[in-house]
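Please look over the two chains shown here. A short report on their helices, cores and selected residues follows the display.

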Amino acid sequence: MTEFEWAEQARDGDERAFRRLYDANVDRIYRLMYRMAGEEQLAKDFTQEAFLRAYRKLDQFRGDAKFSTWLHSIAVSVALNGIRKADRHRKREHALDDVSGILAAAPSKRAEPGVRERIEEAVDQLPDIYRTVFLMHDLEGYAHGEIATSLGVAEGTSKARLSRARAKLREALGDAMQEYV
Amino acid sequence: MTNDRHEDGRDPTVPGFVPEWVDAVRETYHAPPGAPREEMWAAIEAGMTAASGPGTGTDPAQDADVDGVIDLVGGRARREPRPGSARPRRLRSAAPWAVAAAALLVLGIGIGRWSAAGPLLPTGTANAPAGGTIAEAPAPDGSGLELAARMHFGRTESLLATVRSDARAGRVDGSVGPWARTLLAQTRLLMDARGETRDDVQQLLSDLELVLVQVLGATEASGMDEERAREELDLMIRSLERGEILPRIRSAAPSTMAGA
């Protein structure tokens, strides 16, 4: 049975069919959500929200694309919006919390970061549109075609964004890269 | 999964980029643990029950994604409501209001840009003292943008007063979500007029954006994750109080404009 047929059954109210769709896709979606969010709780929230939205929108799924691709487009949207919200909360909380405490802790935390820490920080600093493509392609192994469909952009745009992401990383890391060469 | 990660190998546009370097990132950057399948499924199942069946998400206001990249794949959205789908009454009445308000905002911004010879108020007054209110600033010049902003503040005050009242009663009314979403979109529209509005107006809009996002978060979590909904509401109340947002809105939107 194909995912499209499961989706049709789920649309007709068969929860077991939706569970099959869940089982077939959850690991990959969760991995991507975790890569994007970097926190277990957020990754769980985004994954759950993506599946719930997909369930509510099943009657909009017509099989023009694979179910997994359609689901990914929902999941990526959920994650990007969720991360923006979380960032706003964090920024606000930092501003309201004891700033002196943060400043006092900062120097020791930032002292002599290792190469990996610098790499991770550089990835975090990438704009969302570049970071998402970098994570999907380079870290999770998605094909450009799938990324493009998930993001609603042309395949060439996906490639261009990846190239730009790498360029930005290289620029940000500078001499730290030499340690890996 | 088709992996074309190495199709381009060493990226020709980025000389010196080493695939092995990416491999190192892959091992450490937000390396995902195994998915807690059953735990997540339990939450999804509960949400499915609450949704009372698949395909209940066809409400355009609910689907409208302010920042959105959603709904780009698969089917083209069917916008007619499903027979028997329960749509909140408040939403039906909000839809024409939302369209009219959005049109007015766009018109206001257009008029403001056309008529403004500079910032909404003289730049010398732009830096309102910290903790000051908009009422302390010089009188508005009556431009379309100012009018649009004032009307927007009035409507936002109504929403926030409703939500705060519900929150104090321990409730979260999910049907205010579309209302908040519309106001959030309009807030961002006004924020885009940066440079044509005073700094204190922009600061208020920025604070409102955060609060509206929190309201949206609470309404979205309502019915699915009550703990998160309460948490979002707590954050919203704190933001409202710490930022003295309602008094600032009131000073920006006199009562004569609030119901306009």
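## Basis

This is a predicted model, in which local features need pLDDT of at least 70, side-chain atom pairs count only at pLDDT 80 or more, and totals for chains, interfaces and linings use all residues. Residues are numbered from 1 along each chain as its sequence is written, while chains are lettered from A and ligands numbered from 1 in the order in which they are written.

## The two chains

Chain A has nine helices and zero strands. Helices (H or I, at least four residues) and strands (E, at least two) are DSSP runs, numbered from the N terminus. Along the sequence, chain A reads α-α-α-α-α-α-α-α-α. Of its 181 residues, 45% count as buried. A residue is buried if 20 or more other C-beta atoms lie within 10 Å of its own, exposed if 12 or fewer, and partly exposed in between; the C-beta atoms are placed from the backbone. Among contacts in chain A between residues at least 6 apart in sequence, 64% join residues at least 24 apart. Two residues are in contact if their C-beta atoms, placed from the backbone, lie within 7 Å.

Chain B has 10 helices and zero strands. Its pattern is α-α-α-α-α-α-α-α-α-α. Of the 260 residues of chain B, 33% count as buried. Take the contacts in chain B with a separation of 6 or more: residues 24 or more positions apart account for 74% of them.

## Nonpolar cores

The largest nonpolar core has 56 residues. Such a core is a set of buried Ala, Val, Leu, Ile, Met, Phe, Trp, Tyr and Cys residues joined through C-beta atoms within 7 Å. A:Met33, A:Ala50, A:Ala75 and A:Ala79 have the most contacts inside the largest core. Helix H2 (residues 15-37) of chain A gives the most to this core, with 12 residues. Another core, of 35 residues, lies apart from it; B:Ala149, B:Ala180, B:Leu190 and B:Leu212 are among its members.

Which residues does A:Ala75 touch, leaving aside its neighbours within four places in sequence? They are A:Ile29, A:Leu32, A:Met33, A:Phe46 and A:Ala50.

## Helix packing in chain A

Two packed helices are described by the angle between their axes and the distance between the axes. In chain A, helix H7 (residues 128-139) and helix H9 (residues 155-173) cross at roughly 100 degrees, and their axes come within 8 Å. Axes are lines fitted to C-alpha atoms, for helices over the stretch in contact, and angles run from 0 to 180 degrees between N-to-C directions. The angle makes H7(A) roughly perpendicular to H9(A). Angles under 35 degrees count as roughly parallel, over 145 as roughly antiparallel, 65 to 115 as roughly perpendicular and the rest as oblique.

H7(A) brings A:Ile129, A:Tyr130, A:Arg131, A:Val133, A:Phe134 and A:His137 to the contact. H9(A) brings A:Ser158, A:Arg161, A:Leu162, A:Arg164, A:Ala165 and A:Lys168. By class, the residues of this contact are six nonpolar, two polar and four charged. Here Ala, Val, Leu, Ile, Met, Phe, Trp, Tyr, Cys and Pro count as nonpolar, Asp, Glu, Lys and Arg as charged, and the others, Gly among them, as polar.

## Helix packing in chain B

Helix H7 (residues 199-221) and helix H8 (residues 226-242) of chain B pack at an angle of about 160 degrees, with their axes 8 Å apart. H7(B) is therefore roughly antiparallel to H8(B). The residues of their contact divide into 10 nonpolar, three polar and two charged. Among them are B:Leu210 and B:Val211 of H7(B), and B:Leu233 and B:Met236 of H8(B).

## Selected residues

B:Leu208 is in helix H7 of chain B. B:Leu208 counts as buried because it has 28 C-beta neighbours inside 10 Å. Leaving aside neighbours within four places in sequence, B:Leu208 contacts B:Thr156, B:Thr187 and B:Ile245. In chain A, A:Leu80 lies in helix H4 (residues 67-96). A:Leu80 is buried, with 22 other C-beta atoms within 10 Å. A:Leu80 and A:Met36 are 44 residues apart in sequence, yet 8.2 Å apart in space, C-alpha to C-alpha.

B:His30 has phi near 45 degrees, a positive value in a residue other than glycine. B:His30 sits in the loop between helix H1 (19-28) and helix H2 (37-50) of chain B. With 19 C-beta neighbours inside 10 Å, B:His30 is partly exposed.
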